[in-house]
Amino acid sequence: MNTRIHRRTLLGFGAATLASVALPAFAQSDKPVRIVLPISAGSGVDTIARAAAPALGKSFNQPVVIENLPGAGGITGASAVAKAAPDGLTLGLFSNNHVINPAVYKKMPFDAVADFTPISVIGATPLVLVAGKSMPAKNVKELVALLKAKPDDYNYASSGNGTIIHLAGELFLEQAAVKARHIPYKGTGPMVTDLIAGQVQFGVVALPAIQQHIKSGAVTAIGLCSGKRSPAAPDIPTIAEQGLPDYDVEGWFALVGPAKMQAADVKRIHDATVKAFQSPDVVEAMNKQGNVIKPTSPEDAAKFFKTEAARYAALAKKANVTLD
């Protein structure tokens with residue numbers, strides 16, 4: 001599968017001094033910290049990373065490079081992190097897809113748990129089911145009615161085969177007992193473009209990546225995928241409260257490094273990341289996007305990865321999703 005770097009943005013913030021002595025600062029260095037995003041520009045995690053990058057640069061006391069390396073459902077970018085030197089200069093900001101991939105791909109070039117060093121599950125971001133303007137549905141009841149009336153007429157989009165976006169769509173179809181054709185895209189950006197243009201009728205998208213288009217009326221929010229409403233979009237009802245009470249899916253994002261990182265490096269990076277996400281500018285940006293920030297410890301992140309891997313393995317098997 002051909003892949004390419006979509007964007008590479010240097011966000012350097014020099015030798016800022018940490019205000020809190022409780023959090024150990026990185027040594028002054030001209031070498032940038034490279035944060036790999038295994039997804040395309042414009043996705044939910046990409047939006048989060050770029051909002052937090054200035055604060056991360058200050059906390060790290062080093063320039064920060066955000067690099068998009070999409071492809072193969074996130075495997076391309078994750079491989080780059082797995083192969084990097086465990087010196088703290090190459091990190092990855094991963095989502096659910098990282099632990100989903102072993103359940104959907106027949107072959108993996110790495111072990112999604114053993115070949116990485118979990119640093120922190122930073123937080124979660126809401127997903128939302130949206131419909132394009134060509135789809136005459138305003139809520140779950142109307143969407144389900146349309147899909148039942150014409151099961152062969154509608155397509156739903158995802159950001160790629162086997163992604164959390166794909167599985168969230170499959171879970172909706174299963175619980176609603178309806179059918180639609182799946183159209184996978186290479187990333188959130190082209191998916192949203194075609195949703196707005198009417199090439200596909202509906203799909204699940206991270207709220208930060210689609211909220212501006214919901215507000216402009218370019219797409220219609222059918223329902224929030226989380227079990228509870230989001231403070232960033234309180235007027236969007238959940239899918240659960242619209243008749244599918246067991247539907248509850250959200251995205252999470254975690255900072256990881258290559259395997260065999262030194263414990264001291266892991267602690268420095270963890271503490272600096274927590275500080276960055278607690279800075280006023282980042283807190284404001286995360287609140288606007290609807291992200292819930294609750295950074296875990298490296299130990300809890302490692303446990304979470306294993307639990308989530310088991311959860312999505314069961315869901316992928318139920319949805320019969322298998323990729324070469």
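Q: Where does Ser-230 lie?
A: Ser-230 lies in the loop between strand E9 (219–224) and strand E10 (250–258); strands are DSSP runs of E of at least two residues, and helices are runs of H or I of at least four, numbered from the N terminus. The model is a predicted one, in which local features need pLDDT of at least 70 and side-chain atom pairs count only at pLDDT 80 or more, whereas totals for chains, interfaces and linings use all residues. Residues are numbered from 1 along each chain as its sequence is written, and side-chain values use heavy atoms, with hydrogens and water left out.

Q: Why is Ser-230 called buried?
A: Buried means under 20% relative accessible area, exposed means over 50%, and partly exposed is in between (1.4 Å probe, protein chains only). Ser-230 has 4% relative accessibility and therefore counts as buried.

Q: Which residues are in contact with Ser-230, leaving aside its neighbours within four places in sequence?
A: They are Pro-126, Leu-207, Leu-224 and Gly-290, contact being heavy atoms within 4.5 Å.

Q: Why is Asp-87 called partly exposed?
A: Its relative accessible area is 39%, which falls between the limits for buried and exposed. Asp-87 is found in the loop between helix H2 (75–83) and strand E4 (90–95).

Q: What makes the protein chain as compact as a globular protein of its length?
A: The secondary structure of the chain comes to ten helices and eleven strands. Its radius of gyration is 19 Å, close to the 20 Å that the globule rule gives for 324 residues, so the chain is as compact as a globular protein of that length. The radius is taken over C-alpha atoms, and the rule is 2.2 Å times the number of residues to the power 0.38.

Q: What makes a set of residues a nonpolar core, and which members of the largest one touch the most other members?
A: Such a core is a set of buried Ala, Val, Leu, Ile, Met, Phe, Trp, Tyr and Cys residues joined through side-chain atoms within 4.5 Å. In the largest, of 75 residues, Leu-147, Phe-172, Phe-202 and Tyr-247 touch the most other members. Helix H5 (residues 164–176) gives this core its largest share, eight residues. Another core, of 29 residues, lies apart from it and includes Leu-91, Ile-269, Ala-276 and Ala-285.
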